[in-house]
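Me: I am new to reading protein models. Could you walk me through one, feature by feature?

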Amino acid sequence: MATSDLIGSSPNFRTVLDAIEMVASADCSVLVQGETGSGKEVIAQRIHNASPRRHNRFVAVNCAAIPGALLESELFGHERGAFTGAVAQTVGRFQSADRGTLFLDEIGDLPVELQPKLLRVLQEQQIERLGSGRAIPIDVRVIAATNQDLWQMVQEKKFRADLYYRLNVFPIRVPPLRERKEDIPLLVEHFVEKFAQRQGKSIDHIPDEVMELLKSHEWPGNIRELQNFIERAVIVTTGRVLRPLIDEFRAARAARVLTLADAERAHITETLRETNWVVGGQNGAASRLGLPRTSLLSRMRRLGISRESFGVRTSLPEPENCRMSDGCLPVSHAPGLARAVSF
Ligand SMILES: Nc1ncnc2c1ncn2[C@@H]1O[C@H](COP(=O)(O)OP(=O)(O)OP(=O)(O)O)[C@@H](O)[C@H]1O
Ligand SMILES: [Mg+2]
């Protein structure tokens, strides 16, 4: 990922960017901790890209994805005949990352029996391939990452304290997206642009209401979840206005805790959708909600609900291309206009 792709300017994310800048040239071990999908790997890459090692390799190993028995040889390499099936000499990831950076992802899943071996390599800066007694000097910077509470694992004797201290020379905590909601609009715009470009589309409007809902969601899967959501939204968008799948978003919204104002906004919006944005009259939203028309209008103003914020379009798409199940709701057809509310 290019360095410029690390999006975010909230105070919480600025703290992370400042830490990256500080540690990049220090050449010490870094421990990146954060929830799933919060951006640990891109942060590790950014540290490498900003360090004097940037012209050499950034090698990533996922300690959880490689079975324990193979991980040792994967990290340190092996000689031919070192074990059954070792038909050729293999260079390990440490050696591949020589003069570069080794990213040890999911370090909390490193088997206990491998932990002292890793510690020794880090302390001595040399490796021995399996089946060889020869020490090979290496010059590797290690960045480790985990979504587990590594200190808690140390307390529970699941992770060695000495290795923890060796890796945790410079800790970086990546805040989850719910702690930096100010970054959501920037991220949404970035992902819409990225996926629209990739899919050859031109999307230049994200309805305010959509953005408000995206900002108010808790995003347990963090940036990866938001990114996937936007990718799907771009896929189903046929015009210039972003059109996320409403059913999916309803499910996402149902999974979060609503504030009273959120719940009120959602209920009023839902009713307005059902009445095709007709407020007054016998079948209008005000009557359904048991409110005088003027009260509903003033609540809509207070909660920032307006038909425009739903991206009412005056030409695209034609109603017949617009499936209700995709969250595309045709509204009243003024003569000569094919209008649709999309969301
Ligand atoms: N600040 C950011 N700006 C733009 N994209 C980001 C940012 N942070 C993360 N991403 C994107 O979000 C996705 C998840 O990021 P990443 O893989 O680094 O997370 P992670 O914390 O390593 O996740 P996991 O714990 O699941 O391994 C990636 O596609 C990445 O490109
Ligand atoms: Mg990761």
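**Reading strands, burial and a ligand shell**

Reply: Start with one pair of residues: L104 stands opposite A144 in β8. Bear in mind that this is a predicted model.

Me: Which strand is joined to β8 by 4 bridges, at residues 101-105?

Reply: Look for bridges between strands. Here β5 (residues 101-105) is joined to β8 by 4 bridges, and the two run parallel.

Me: In what sense do β1 and β8 pair?

Reply: Strand β1 (residues 30-34) pairs with β8 in the parallel sense, over 4 bridges. Find Q33 on your screen: T146 in β8 stands opposite Q33.

Me: How do I judge whether a strand such as β8 is buried?

Reply: Count neighbours. A residue is buried if 20 or more other C-beta atoms lie within 10 Å of its own. In strand β8 (residues 141-146), 6 of the 6 residues are buried, so the rest of the structure largely encloses this strand.

Me: Which residues of β8 are buried on each side?

Reply: Take the faces in turn. R141, I143 and A145 are buried on one side. V142, A144 and T146 are buried on the other.

Me: Is K158 buried, exposed or partly exposed?

Reply: Use the count again. K158 has 13 C-beta neighbours inside 10 Å, so K158 counts as partly exposed. Its place is in the loop between α6 (150-155) and α7 (161-167).

Me: What share of the chain's contacts join residues at least 24 apart?

Reply: Consider contacts between residues at least 6 apart in sequence. Of these, 71% join residues at least 24 apart. For the overall picture, the chain has 14 helices and 11 strands. Buried residues make up 31% of its 343 residues.

Me: Now the ligand. How many residues surround ligand 1?

Reply: List the shell, then sort it. Ligand 1 is surrounded by 17 residues, and the closest are I7, G39, K40, E41 and I223. The shell divides into 5 nonpolar, 8 polar and 4 charged residues. Two helices, α2 (40-49) and α10 (222-236), each supply at least two residues of this shell.

How values were computed: Residues are numbered from 1 along each chain as its sequence is written. Chains are lettered from A and ligands numbered from 1 in the order in which they are written. This is a predicted model: local features need pLDDT of at least 70, side-chain atom pairs count only at pLDDT 80 or more; totals for chains, interfaces and linings use all residues. A residue is near a molecule or strand if its C-beta atom, placed from the backbone, lies within 6 Å of it. Ala, Val, Leu, Ile, Met, Phe, Trp, Tyr, Cys and Pro count as nonpolar, Asp, Glu, Lys and Arg as charged, and the others, Gly among them, as polar. A residue is buried if 20 or more other C-beta atoms lie within 10 Å of its own, exposed if 12 or fewer, and partly exposed in between; C-beta atoms are placed from the backbone. Two strands pair if DSSP finds at least two bridges between them. Two residues are in contact if their C-beta atoms, placed from the backbone, lie within 7 Å.
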